[in-house]
Each structure stands twice: as structure tokens, then as C-alpha cells.
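Open the structure in your viewer and keep the selection panel at hand. The tour goes stop by stop.

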Amino acid sequence: MRRLKTFPKGGVHPPGNKHLTSGKAIINAAIPSISRIPLQQHIGSPAECLINPGENVKEGMLIGRSTGFISAQIHSSIPGVVKEVRDIYLANGFKSKGVVIEMEGEFDTLGKRQEKNNWEKLSAEELLNIIADRGIVGMGGATFPTHVKYKIPKHAKVEAFVVNGTECEPYLTADHRLMLEKTEEIMEGARIVDKILNPEKIYIAIEANKLDAIEVMQKAVSLLNKHAEVVPLEIKYPQGDEKQLLKAIINREVPSGGLPIDIGAVVSNVGTIFAIYEAVVMGKPLIERIVTVTGGAIKNPQNLKVRIGTPIGDLIEECGGFSEMPVKVVAGGPMMGFAIYELEAPVTKGTSGVIALTKKEVKSNNQTPCLNCGRCITVCPMGLNPTLLFKEIDHMDYDSAMEEGLMDCKECGCCAFMCPAHIPLVHGMKLGKYMAKKKKEKG
Ligand code: SF4
Ligand code: SF4
């Protein structure tokens, strides 16, 4: 058998635990009676609120207009009455101004047959405008506005467009299920992106733990009418990170501080491609997403199609509640996600998973002094020295940490995963980046 491609430096093999949901078809979650929709669900400036308390909104109506170059539109996920415009706590602990909507009135699209739009006659610019209007952002968790990513500088040429179906985070299977259940829609979404970017080649990257998805995508790849191939990849975390993915597939390195387009590449998650299909072909703004609700402490783990703004606690209830008290509930994947302290926090465009972990699933966190074992250095896919960076940050020596490449840290969590001393290395990196930026701003 041909050796599977992967990135050469570092990486780890955490237990996948995908079996809990990988065989279960996506089901619709209950529509929330109250939807809390943050105006900041993306990287960049928050959207500007367009409505006031007491006003009626329709399903899919624009309620937040993007502001500035990097921003995204926000739409109402349910029809109803605006109860409040106030700060909302997000799953990552940050606050965002948001709109609280109480459900009332008719759904415009739910349960109704929608006509498909004939997009083939539209220009690349018109397609890009639709993607911007419908609020599409990177659905793999990065939430970078897609219309900004696809605005390619004049001097640049897209040689490789990569559809990212790796889903390398343990437990998550939303992308896996999408590839199985929405294969043709994803291919049509990729054709739309093909028209916008006109890449020389399209790659569909899938880790080898999703053999059924590899098979269906291989059968459907001819729909792309272009030089396109499905690339099965070795199962290794963080295979889905853009930099690691491009190293594995086209053997090029994104320069420090650079972007994939600097090496002629653009990467988009399969969830994003599906959202593009829905936006362009079905005329639907980004008001729902697939969320994997799983973990040893969830009674009946599922992949749910969820309206944005639904409280995370509702999803847990929908999956039968807790089978035992979790020691930790995480939004996103267990490696890069955020511990949730407030189950009222809403699902946002970037919520790929909700994982309730038992004591058995969470490593003991009794921290001891560094053993100088060097394991964190061995596994860092960015070739950094996490133990040194952590010490520099601990001593508030942010300048030295920056010189050592702190900003190249992807916060992937490989170092903390391997650390036998349970040192909170990723937390340290995040803090260090924040402090270094603050220091720079102050001059
Ligand atoms: S979190 Fe940062 S320092 Fe740690 S392994 Fe990942 S890239 Fe390296
Ligand atoms: S893995 Fe942990 S104990 Fe080992 S060198 Fe890195 S920080 Fe120290």
C-alpha cells in the first residue's frame, strides 16, 4: 500500500474516540424558543447591530452588518421578537454584544421546498458578494470571513485549492457525516469556489480514519470537471492545520507570519464549502451548523443540525443529558477547544463540537516542575521550544519569546498533551501572545 502523506515535524496521536458518533446520521436539533445571537462570531470587527428591542425579525434576516475589511454579516436564526440587545457570554469566556430573540411567527424556509439558484452564469465577483452577504466564515473553528480569504491579491495565483475534510480533532465527526450525507452538495460548493479562485488543481484532504468518506468523495470527484483528487492522509494530529496540511499535500511551507496564498494555496473546511453551497445555490445565510455533541459523559452522543444562538445546554438535553457528572465540558475539539463554564452560552458559527468529558477521559492536572524531558519540543509541529517559551512568558520576557517564534505557535496543544509534568503550556502561549501584543500596542 502507498505510504499515506503527512507533515514531517512533530504531531501526536491522541485517542480518536470518533466511534461515539461517526456511525450516526445528522439529525435536526429542536429550534430554540430563545436564540442569543452574538454580533462577534468571527475573526475581525464585530457586526453593527441593525435592530432594536421590540422589533420583529424574520428567519434569515440580516440583523448585524459587517464593519471594516475583516468582518462578517450576522442573520437571525429564527423568526420572532427582539427581546434585548445586550452583552452575551460566549463559550470561550469572552463577551460579545448580541441580540436575544424570542421565537414567534412563521418560518420562511423551514420545511418548505426551496428552488435552486442557477449560479453558473454569475461572475466570480457576484459569487463572492453572495458569500459575503450570507455571512459565511471558516466553519472548522477559525471563523475567518470567507469572502476576505477568497479575495486573492492581484499578483497572486491560486495553484492549489484544498478542501479540508481531515477533521483531525478527536471526538468530532460533523465533517465526516457531512461528506457522507452531503457529498454532491459539497462537490457543487467546491465548483463554486473553483469558479471564484480558478485554481490549477483541487485536492480533497481526508484522514485515513474516514475510509467511507474517502470512498464516496473519490466516486464523486469527477463532478468537479477539473484536475482534482482525493488525498487520504495519515492519522496524526494536527493534520488539519492549514500549514501542516499544505506541507503534507503540496510539500510547501507557509512562511512565518504568512498565509497559504503566499505559497499559491487556499484551504477551506468541508463545512465551509457546504455553507457556500447553501448560500449560493439555496440562497440561505449562515444560520445553522452541524455540531457533534459527544464525550463519555453524554448519554446519547449525536451529530445535530443546530440553529445559531441555541444554548449549548439545550443540545446536551437533546442528547439525553449527562450519564455522569462531567469534569469538563468543551466547545470545539478537546485539543484546541475551550472549557465551557456557562451552559447558556450559545452555539456560534465556529462551534464544531460540544464534548462532555468524564474524569477517566481527562488527564490528571497535578502540575509538577518541568522535567526537562524535551517531549514538548519533539512533538511541536511548528518546530518551537515550548518549555523555553513557557519559561520566558512566565518571567514576562515577551521580547525573547517573540524572538523564539511565539507568534508561530498554532495553539494546537500537542506540547501540553505530551507534557508529563502537566504544565499548562498552551494556556501560557495564549497569555504570552496576548501580553506581547499589548506591549507592542503600548509601544
Ligand atoms: S501549542 Fe504551540 S508550542 Fe505547543 S506544540 Fe502547538 S504550536 Fe508548538
Ligand atoms: S514536556 Fe513538560 S516536562 Fe518535558 S520539557 Fe516540556 S515542559 Fe518540561
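**Stop 1: a strand pair.** Select Tyr89 and Lys95. Tyr89 stands opposite Lys95 in strand 8. The model is a predicted one. Now extend the selection to strand 7, residues 80-89, and strand 8; the two pair in the antiparallel sense over nine bridges. Further along, Val85 stands opposite Val99 in strand 8. What do strand 7 and strand 8 form together? They form a hairpin, with five residues between the strands. Click on Gly93 in the turn: its phi is positive, about 90°.

Stop 2: Strand 2 pairs with strand 8 (residues 95-103) in the antiparallel sense, over five bridges. Ile34 is a handle here: Glu102 in strand 8 stands opposite Ile34. The whole is an open sheet of four strands in the order 2-8-7-4, with antiparallel pairing. Which strands are at the edges? Strand 2 and strand 4 (56-57) are, each pairing on one side only. While you look at side chains, recall that in a regular strand they alternate between the two faces of the sheet.

Stop 3: Select strands 3, 5 and 6. These strands form an open sheet in the order 3-5-6, again with antiparallel pairing. Strand 3 (48-49) and strand 6 are the edge strands; each pairs on one side only. Strand 5, residues 62-65, meets strand 6 over two bridges in the antiparallel sense. To find the pairing, pick Gly64, which stands opposite Ile74 in strand 6.

**Stop 4: zoom out.** Show the protein chain as a cartoon. There are 13 helices and 17 strands. The radius of gyration is 21 Å, close to the 22 Å that the globule rule gives for 443 residues, so the chain is as compact as a globular protein of that length. Along the principal axes, the C-alpha atoms fill a box of roughly 60 × 50 × 50 Å. Of the 443 residues, 50% count as buried.

**Stop 5: colour by domain.** Domain 1 covers 27-112 + 285-357, domain 2 covers 115-281, and domain 3 covers 375-442. Taken over C-alpha atoms, 24 Å separate the centres of domain 1 and domain 2. The contact between domain 1 and domain 2 takes 30 residues from domain 1 and 25 residues from domain 2. The largest share, five residues, comes from strand 13. By class, that side of domain 1 has 13 nonpolar, 15 polar and two charged residues.

**Stop 6: helix 6.** Select residues 242-250. Is helix 6 largely enclosed or largely open? Eight of its nine residues are buried, so helix 6 is largely enclosed by the rest of the structure. The buried residues are Glu242, Lys243, Gln244, Leu245, Leu246, Lys247, Ala248 and Ile249. Now show what these residues pack against: strand 9 (160-165), strand 10 (201-207), strand 11 (228-233) and strand 12 (265-269). Step past the helix to Asn251, which follows helix 6 and has a positive phi, near 55°.

**Stop 7: ligand 1.** Centre on ligand 1. 14 residues surround ligand 1, and the closest are Cys380, Cys409, Cys412, Cys414 and Cys415. Helix 12 (414-418) and helix 13 (425-442) are the elements that give two or more residues to the shell. Helix 13 gives the most, with three residues. The shell around ligand 1 divides into 11 nonpolar, one polar and two charged residues.

**Stop 8: ligand 2.** Which residues are closest to ligand 2? Among the 14 that surround ligand 2, they are Cys370, Cys373, Cys376, Thr387 and Cys419. Two elements to display are helix 9 (375-379) and helix 10 (386-394), which give two or more residues to this shell. By class, the shell around ligand 2 has 10 nonpolar, three polar and one charged residue.

Definitions and conventions:
Residues numbered from 1 in each chain as written. Chains lettered and ligands numbered in written order. Predicted model: local features only at pLDDT ≥ 70, side-chain atom pairs only at ≥ 80, totals over all residues. Buried ≥ 20, exposed ≤ 12 C-beta atoms within 10 Å, placed from the backbone. Contact = placed C-beta atoms within 7 Å. Near = placed C-beta within 6 Å. Nonpolar A, V, L, I, M, F, W, Y, C, P; charged D, E, K, R; others polar. Pairing = 2+ DSSP bridges. Rg over C-alpha atoms; globule rule 2.2 N^0.38 Å. Domains from an automatic or database assignment.
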